Amino acid sequence: MNENKNLYGVTALFDSANEIIHAAKEVEKAGYKNFDVNTPYPVHGMDRAMGLKRSTVGFFTLFFGFSGTAFILLFAYWTMSVNYPMVIGGKPFFALPSFIPVTFETTVLLGGIATVVGILAVFFNLPSNNHPLHDTDYMCSVSNDKYGIVIEAEDPKFNENEVTELLKRLGAKKIHTVMNPGKESFPIFEGRFVVFLILVVLVVCGGTYFTLNKVLYLEPFDWMLEQDKLIPQEKSTIFTDNKGMRTTIEGTVARGYLPYPFKGQTIPTETLANPLLPTKKVLEFGKGKFLTFCSPCHGNYADGDSRLHGQFPNPPTLHSARAREFGDGMIYHIIVNGQNTMPSYETQTTSEERWAIINYIRALQRAKNAKPTDLQEVQKELGVNVK
Amino acid sequence: MEVDYSTEAAVVEGNLRLAEIDRIISRPIEERPGKKYLLALSISSSFLLIGAICVGLTFFYGVGMWGNNQPVGWAFGIVNFVFWIGIGHAGTLISAILFLLRQKWRTGVARFAEAMTIFAVMTAGLFPIIHTGRPWLAGYLTPYPNQHGLWVNLNSPLVWDVFAVSTYFTISLLFWYIGLVPDFASLRDKTISKVKKTIYSVFSLGWRHSNRHWQHYEKAYMILAGLSTPLVLSVHSIVSFDFATSILPGWHTTIFPPYFVAGAIFSGFAMVVTVLVFVRKVFDMENIITLNHLERMNKIILATGMMVGYAYGMEFFIAWYSGVQYEQFVFINRAFGPYAWAYWTMVSCNVIFPQLFWFRKIRRSVPAMFIIVILVNVGMWFERFVIIVSSLHRDFLPSSWGMFVPTLVDLGILLGSFGLFFTLVLLFAKTLPVVSISEIKAVAPGSQPSHAGNHNE
């Protein structure tokens with residue numbers, strides 16, 4: 001064992017590839033374990049001369065490459081057949097042949113990255129810029145055109161004089177001892193470093209703020225907010241009436257907007273007949289429309305109890321005898337024309353909606369003025385025996 | 001000028017010693033840039049600037065600035081993408097396939113060709129992204145969990161493209177970097193500038209030329225070459241799937257993958273020769289990048305050029321043999337229709353002129369080969385133009401027929417892509433060793449042990 005704690009090892013330089021192969025063989029034969037050969041390029045036959053085992057990098061590649069294969073196939077299965085299955089080109093959800101390109105690429109990608117990261121980080125233990133051999137004449141020579149061997153002080157057989165003697169005998173041109181470098185310290189709170197950190201923080205925060213609050217609202221990053229088109233209600237300079245929205249040409253009838261023949265008459269002599277039957281579907285549709293358009297004034301159950309807190313005069317209840325005696329067509333007429341304070345609901349509702357509302361009003365009227373016979377009807381419906 | 005082909009030519013000429021190799025390769029990095037270099041850089045960066053302005057116009061006003069329109073929806077954007085991806089393939093072929101085939105001569109040109117791969121893929125990758133018109137949304141191409149609840153469609157050739165090109169770029173970059181690590185270490189130990197030393201130390205990761213490392217390093221290098229070989233074949237095959245999986249006459253052919261790969265290697269080698277002709281002259285590396293290197297590459301150009309020519313002929317044969325009326329129309333229209341000039345430019349540049357490489361004199365004459373490889377570059381660009389534009393401009397319905405005319409912005413972006421590529425190449429040539437120092441040393445005469453008769457010990 002060596003006595004000098006600071007000694008890293010003894011280095012020797014040779015001039016040719018033949019000499020270094022010979023030297024490596026002899027050092028290995030002499031029983032040294034912690035030695036290394038440094039050459040500017042890989043010298044053929046050195047692995048055997050140094051007695052090195054076969055490299056196991058290949059297993060690393062194999063493992064990570066197949067991990068990539070497995071990962072992408074599982075990923076393809078899960079995304080394309082479980083999480084969001086979609087039929088594409090009539091293929092099955094898990095269309096293996098068309099996943100092959102992606103599978104191959106991922107295998108190569110993971111295998112390749114693992115190989116490089118593996119040799120650098122695991123096999124070489126790099127980065128190691130503070131290794132004792134750095135910045136020595138020895139390193140500069142083997143970087144250029146010399147062949148070097150180093151026997152480390154950690155070797156159990158190491159003895160400085162014996163090692164030097166052996167290397168001399170092998171024909172080394174230059175022999176040096178290399179010391180371990182002193183401990184380096186990395187002061188974190190040095191003024192310059194703190195200033196640098198603060199600058200980094202400011203730049204990152206400022207940049208992020210600027211990007212998120214300004215850049216994203218500038219053309220062309222603004223998600224196409226600015227477009228050369230007219231939006232509803234906008235003024236147009238193209239048409240003489242300056243309206244962006246166009247009205248229909250006179251005499252045309254839009255779908256679902258057939259004109260009402262008795263429009264404007266106060267007390268019509270004729271009215272339309274209700275085309276809808278009071279089915280469950282129609283009643284539910286009518287309920288929705290009633291609650292939207294009628295209930296603000298007429299109340300949720302047509303009692304005339306407005307929830308507008310007197311902003312408008314309350315309308316009469318729809319459960320009065322007069323209202324109950326109105327025909328369906330009359331109520332339709334009132335919805336289209338309006339009556340007293342009530343405005344026309346012609347533009348807000350379609351004719352189908354009006355008839356559905358009327359059916360719902362009829363249901364409400366019947367419920368409010370129920371007769372004992374109605375109870376029997378309900379029980380019949382529910383399948384209860386009538387006494 | 002007699003050349004003896006019966007023995008393998010020396011990879012490094014002029015009996016250079018290791019230290020001289022070191023000096024020659026690292027000189028361009030250490031010297032200040034000369035007038036010629038700055039002139040070249042200013043020209044290429046001006047082109048780059050023109051391209052950047054045109055790309056800016058495209059982003060601001062939209063893709064309507066380009067000549068693409070119905071029925072030619074894919075034009076310069078995709079032509080340039082395929083062209084540049086193809087250029088990259090020569091680098092990987094030299095660095096990976098020729099490495100596996102134990103072609104020692106590859107060492108002289110491998111580093112440069114790999115760098116060109118990386119720059120070409122970078123240039124190519126820009127085109128699909130700017131073609132979207134909203135390049136900051138290109139992230140949607142990657143499969144990541146998002147609030148839309150959607151995933152990318154792994155059945156789509158366009159998604160295969162994303163995987164192939166990004167994998168190709170990553171692996172090429174890693175391959176290149178791992179080759180550079182020992183050279184960074186050599187430069188680190190050579191330089192006297194403190195700043196340079198810091199930079200080289202960071203990138204060399206503290207490499208010590210240790211044989212315990214070289215052992216794994218060589219193995220890893222071989223594994224990467226083994227991974228890159230099928231990878232490079234897959235990349236242009238997948239690019240060709242973009243066309244071949246469609247149902248368009250002129251695109252829907254099974255010959256596309258090998259045809260594209262051969263064309264990629266063809267165009268890539270032409271670009272490598274184009275650039276190396278200057279590099280070896282300007283940097284005095286005629287002993288490391290020798291005439292033998294150039295001659296070998298010219299032979300590959302000749303071989304791949306004939307493969308491409310075979311594919312052109314086979315396309316016509318299949319169009320006739322299949323009996324499909326639409327297919328036949330497309331090919332007759334290609335050769336005699338409105339874009340016949342592009343078709344015959346392509347045929348003469350790619351098939352006819354490279355035949356001159358049968359003559360040794362022309363193969364070994366630098367000015368002659370320079371003219372031919374420039375023509376090959378032009379021809380290969382037109383090949384992609386012909387495939388894309390001439391197949392699209394005649395739709396199934398004659399009422400939808402149209403013509404493609406490039407706009408100034410289109411041409412500006414094409415110019416800019418050359419500007420970007422050559423600017424990167426020039427910067428690389430002045431900042432990193434253009435030839436692998438450690439690999440050249442390993443193949444220099446007398447650098448390997450003679451084993452003095454005890455080889456099997």
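Guide: In this predicted model, Asp135(A) forms a salt bridge with Lys197(B), and their closest N and O atoms are 2.8 Å apart. A salt bridge here is a side-chain nitrogen of Lys or Arg within 4 Å of a carboxyl oxygen of Asp or Glu. The count of such bridges between chain A and chain B is one. Asp135(A) sits in the loop between helix 4 and helix 5 of chain A. Although Asp135(A) is not a glycine, its phi is positive, at about 65 degrees.

Some conventions apply throughout. Residues are numbered from 1 along each chain as its sequence is written, and chains are lettered from A in the order in which they are written. Local features need pLDDT of at least 70, side-chain atom pairs count only at pLDDT 80 or more, totals for chains, interfaces and linings use all residues, and side-chain values use heavy atoms, with hydrogens and water left out.

Helices (H or I, at least four residues) and strands (E, at least two) are DSSP runs, numbered from the N terminus. Helix 4 of chain A gives the most to this side, with 17 residues. By class, the side has 43 nonpolar, 22 polar and twelve charged residues; Ala, Val, Leu, Ile, Met, Phe, Trp, Tyr, Cys and Pro count as nonpolar, Asp, Glu, Lys and Arg as charged, and the others, Gly among them, as polar.

For the whole interface, 77 residues of chain A are in contact (heavy atoms within 4.5 Å) with 68 residues of chain B. The two chains bury about 6400 Å² between them, 64% of it on carbon and sulfur atoms. Buried area is the accessible area (1.4 Å probe) that two parts lose on being put together, summed over both. In chain A, Tyr41(A), Glu105(A) and Phe124(A) lose the most area to chain B, together 10% of what that side buries.
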